[in-house]
Amino acid sequence: KIYIYFFFVEEQKNRALSAVRAETSDTRKNMYLQELHARNETLYHQLLVENITELAPLVYTPTVGQACLEFGQNWRRTRGMYFSRKDRGMFSTMVYNWPHKDVHVIVVTDGSRILGLGDLGVHGMGIPIGKLALYCAAGGIAPHRVMPVMLDVGTNNPVLIADPEYLGTREPRLEGEEYHDMVDEFMHAVFSRWPDVVVQFEDFESSKASALLEKYRHKYRVFNDDIQGTGCVTLAGLLSAAHNAGGSINDLRIVCAGAGSAGLGVCSQIVDGMVEAGLSREEAMSRFVIVTSQGAIGSKDGAHGDPNHARGLQGDRAAWLNPRVSDGASLLEAVRAHGANCLLGLSTQAGIFTEAAVKACLDNHPSPIVMPMSNPTSKSECTPAQAYEWTNGAAVVATGSPFAPVTLPNGETKIPSQCNNMYVFPGIGLAASVAGVTEITDRMLYLAAVACSESLTPEEQAAGRTFPELARIRDVSHAVACSVVAEAVAQGLTTKNDPRLGSEDGIADLIASKMYYPQYTPFVEHRP
């Protein structure tokens, strides 16, 4: 009976994988996987767990961007919950329409800033769906304990409003008090039904993302993956990259392209990491030059017309002024003036890392770090092949989207690591779920980054990787979860009372025992 069961499952997986590979485009492969998800959830997740390196890029970035663009025309079946502005006043009742009583993780978006594609309205639902598939596969959260959510507040995209296949509300987006009241109602509703749930904010536009995080992070169990998740995984990548380059994170001098609230949040977490490693906060901040669409945020000396100051340099951006560079200086000029040895791309501006800028980094350090982080691949600040070519293979490269290995003229093969949030967010969610972590603190995020970096094997480090092989993602998630839970226990921020939380080995055992692995449940019990 065991042999027959094994053969049956293996045959199903082999047939499904063959069908995926037979599709002619990544978008078609994504569609096949979503159809499999709809008809056989167990097989879908088992296939994803066992083939994560091959399938994760099809389920999430970079393919999910195109899937969202085509969401309306390819829509087959509803997955997740949609809370519309027209349902106001009924959210607390609506949550009881969800069939599962024990939801552990919610990923919610309002569709306003989907990857680098902008306002896709409710067609951005592909993001929560894909993200939660990775929670299940990489973090071991059971699929009946996750819920994708779309807040349909309208859309400001005229193409969608005119599209007969658009699935959402054809009105301009709610703003101001109306918008925040709707989010308040949603938060109250989900935490009233599921008090221990973790809510992850995903792909909210910059003007909303930071404000929502600050409003709720000390009240509910929430985090923002674009700010905190990206910051955490970028910090992990920098810890590894600095080690590979023969130094430490405190040796870095960073020029960051991109000054949105999410980008500045990422930089803030790197600063926190530098402070943890021994720098003062003032010194850590001075290691950054932030480049906006108007040029570097720098000294008001008139050299370039001071465009950032002219537009009103205040709020979050004002804190990042670096007097070593002139305001409005180009990225290349900033690299030279700052002595940068690291380029960090959070701009969604393809090609902004020019050959001259990368070579200027090489002039400042024999192994410069180049991290074009923007998604999807079409928005990447440069390609790994370019970074390696321009530095004769000397650059340490990590990217936001997956890229193929690069073979240098001398025959050496370089493997750029993908600086993917999936290295950290499944473990953070797993920790909060298992231990009832009441608040996700900055210290927890730092320790999650360290755990991710320390998960690298000596062989992976020797190969120049900045992240572990994706095939080991569940091991990485386990390590991240252990670090987060240990810190939560130390700070008294857990609600669960399992005796295993009292020791390091106990925490590791508890988390391992709670990680879901997809397998069929027999309908008939076979007794000997």
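Analyst: Happy to. In helix α13, 13 of the 16 residues are buried, so the helix is largely enclosed by the rest of the structure. Here buried means under 20% relative accessible area, exposed means over 50%, and partly exposed lies in between, with a 1.4 Å probe and protein chains only. Helices (H or I, at least four residues) and strands (E, at least two) are DSSP runs numbered from the N terminus.

Before going further: this is a predicted model, where local features need pLDDT of at least 70 and side-chain atom pairs count only at pLDDT 80 or more, while totals for chains, interfaces and linings use all residues. Residues are numbered from 1 along each chain as its sequence is written, and side-chain values use heavy atoms, leaving out hydrogens and water.

Helix α13 covers residues 261-276, and its end C-alpha atoms are 22 Å apart, which agrees with the 22 Å that 16 residues should span at 1.5 Å a residue; the expected span is 1.5 Å times one less than the number of residues. Just after α13, G278 takes a positive phi of about 125°. Further on, E283 sits in helix α14 (residues 281-286) and is partly exposed, at 31% relative accessibility. E283 lies 33 residues from N250 in sequence, with 9.6 Å between their C-alpha atoms.

Now the cysteines. The structure holds 0 disulfides, a disulfide being a pair of cysteine sulfur atoms within 2.5 Å. For C256, the closest cysteine sulfur is that of C267, at 3.7 Å, which is too far for a bond; C256 is buried, at 0% relative accessible area. C361 is buried too, with 0% relative accessibility, and its sulfur is 7.4 Å from the closest cysteine sulfur, in C342, again too far for a bond.

On to the sheet. An open sheet of 7 strands runs in the order β8-β7-β6-β11-β12-β13-β16, with mixed pairing; two strands pair if DSSP finds at least two bridges between them. Strands β8 (295-296) and β16 (417-418) are at the edges with a single partner strand each, so one side of each has no neighbour in the sheet. Strand β7 (residues 288-292) runs antiparallel to β8 and is joined to it by 2 bridges, with T292 opposite G295. Helix α12 (residues 225-244) lies across β6, β11, β12 and β13, at about 155° to β12; contact means heavy atoms within 4.5 Å, and axes are lines fitted to C-alpha atoms (for helices over the stretch in contact), with angles from 0 to 180 degrees between N-to-C directions.

For comparison, look at strand β2 (residues 105-109): 5 of its 5 residues are buried, so β2 is also largely enclosed by the rest of the structure. In a regular strand the side chains alternate between the two faces of the sheet. Both faces of β2 are covered, with V105, V107 and T109 buried on one side and I106 and V108 on the other. Strand β3 (residues 146-152) runs parallel to β2 and is joined to it by 5 bridges, where I106 has M147 as its bridge partner. The chain gets from β2 to β3 through helix α8 (residues 126-139) in a right-handed β-α-β crossover, meaning that with the strands pointing away from the viewer the path from the first strand over the helix to the second runs clockwise. Strand β4 (residues 198-201) also pairs with β2 in the parallel sense, over 4 bridges, and F201 is the partner of V108.
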